[in-house]
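Please look over the sequence and the model shown here. A short report on the fold, ring pairs, helix packing and selected residues follows.

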Amino acid sequence: MGLVSSIIEFHWVASVFSGMIFCKIVYELTGLISNLCFKGYTKFSSIEKVEWNNRGFSTFHAIIVAVASLYLLLVSDLFDEDSRDESIIYRASTLSDTILGISIGYFLSDLGMIIWNFPALGGLEYVLHHGLSLFSIILSLISGQGQVYILMVLFSESTTPFVNLRWHLDVAGMKSSNLYICNGIALFFGWLVARIILFIFFFYHMIIHFDECEENIPIGFLQLADGASSAGNDECILVLENCKGFDKNSF
């Protein structure tokens, strides 16, 4: 039993470090490829290059966890209510543990960059969001409980690539391009599905499993609901921009 526990713990740590290593690799590749393929990159200030590259590994993480979450939630039978007698709250797998570990590695890397460059990459709200996300994911990974909810929240990261692409196009001076407009439309509908409809189902699912959640999941972990609901504040502004056509600086 001790050996099995040690193997599981090693897998957790390896997943976290894998996430951090992936972030570093993608960060460097983003800078290298951008320097070769986009002439405007060399004209950026140092902090603009940092944020440009940072959003590169942010997009990479979002795609990985969104695809994996979609697979685990809808394709596999891991969270199929009728697939096994075990409560859906307690279900986990090697793949779900890996995805949570990689996400912990990402959030640690991103949080470190935010603090190191504070406040250029984000203010206190980003520190709070990342801290709450880390707290929730770590608790879920260690306890093996509530991973279905963590994966729902991680799937909502599917809107992040559109947010990052919008920023890249804006900085690159392509705000009037057709790609910028199409990306804005995709962001709106993606946000509607992943941030509104999904979270309606998220809270509905928690309500119908409330007794299990309240009894078995640490109260701090349930704070994920509040953190998740506020995670899209920046995207809310972007969606409003798409709908109303006003400039963010007018706030």
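## A first residue

Does Phe38 count as buried, partly exposed or exposed? Phe38 counts as partly exposed, because its relative accessibility is 24%. Buried means under 20% relative accessible area, exposed over 50%, and partly exposed in between, with a 1.4 Å probe and protein chains only.

## Basis of the values

This is a predicted model: local features need pLDDT of at least 70, side-chain atom pairs count only at pLDDT 80 or more, and totals for chains, interfaces and linings use all residues. Residues are numbered from 1 along each chain as its sequence is written, and side-chain values use heavy atoms, with hydrogens and water left out.

## Overall fold

The protein has 11 helices and zero strands. Its pattern along the sequence reads α-α-α-α-α-α-α-α-α-α-α. Helices (H or I, at least four residues) and strands (E, at least two) are DSSP runs, numbered from the N terminus.

Of the 251 residues in the protein, 47% are buried. Contact means heavy atoms within 4.5 Å. Take the contacts between residues at least 6 apart in sequence: 73% of them join residues at least 24 apart.

## Aromatic pairs

Rings of Phe, Tyr and Trp (its six-membered ring) pair if their centres lie within 6.5 Å; planes under 30 degrees apart count as stacked, over 60 as edge-to-face and the rest as tilted. The count by this rule is 15 aromatic pairs. One of them joins Phe38 and Phe44, a tilted pair with 6.0 Å centre to centre and 55 degrees between the planes. Phe44 is buried, because its relative accessible area is 11%.

Tyr149 and Phe202 form an edge-to-face pair, 5.6 Å centre to centre, with 75 degrees between the planes. Tyr149 lies in helix α5 (residues 147–155) and Phe202 in helix α7 (residues 178–208), so this pair ties together parts that are 53 residues apart in sequence. Both Tyr149 and Phe202 are buried. There is also a cluster: ring pairs link Phe38, Tyr41, Phe44, Trp52 and Trp167.

## α3 against α5

Two packed helices are described by the angle between their axes and the distance between the axes. Axes are lines fitted to C-alpha atoms, for helices over the stretch in contact, and angles run from 0 to 180 degrees between N-to-C directions. Helix α3 (residues 94–116) packs with α5 at an angle of about 55 degrees, and their axes are 11 Å apart. α3 and α5 are therefore oblique to each other. Angles under 35 degrees count as roughly parallel, over 145 as roughly antiparallel, 65 to 115 as roughly perpendicular and the rest as oblique.

The crossing of α3 and α5 is left-handed. A crossing is left-handed if the near helix is turned anticlockwise from the far one by less than a right angle, and right-handed if clockwise. From α3, Ser96, Asp97, Ile99, Leu100 and Ser103 meet Gln147, Ile150, Leu151 and Leu154 in α5. The residues of this contact divide into five nonpolar, three polar and one charged. Ala, Val, Leu, Ile, Met, Phe, Trp, Tyr, Cys and Pro count as nonpolar, Asp, Glu, Lys and Arg as charged, and the others, Gly among them, as polar.

## α3 against α4

α3 also packs with helix α4 (residues 124–143), at an angle of about 155 degrees and with the axes 10 Å apart. The two helices, α3 and α4, are therefore roughly antiparallel to each other. Their crossing is left-handed. The α3 residues in the contact include Leu100, Ile104, Phe107 and Leu111; those in α4 include Tyr126, Val127, Leu134 and Ile138. By class, the contact of α3 with α4 has 12 nonpolar, six polar and two charged residues.

Pro119 sits in the loop between α3 and α4. The peptide bond from Phe118 to Pro119 is cis, with omega near 0 degrees. Most peptide bonds are trans.

## Two buried residues

Val148 lies in helix α5. It counts as buried, because its relative accessibility is 2%. Leaving aside neighbours within four places in sequence, Val148 is in contact with Leu73, Phe79 and Ile88. Val148 and Phe202 are 54 residues apart in sequence and 9.5 Å apart in space, C-alpha to C-alpha.

Asn164 lies in helix α6 (residues 160–171). Asn164 counts as buried, because its relative accessibility is 4%. Not counting residues up to four places away in sequence, Asn164 touches Arg55, Ser58 and Thr59. Asn164 and Asn54 are 110 residues apart in sequence and 9.7 Å apart in space, C-alpha to C-alpha.
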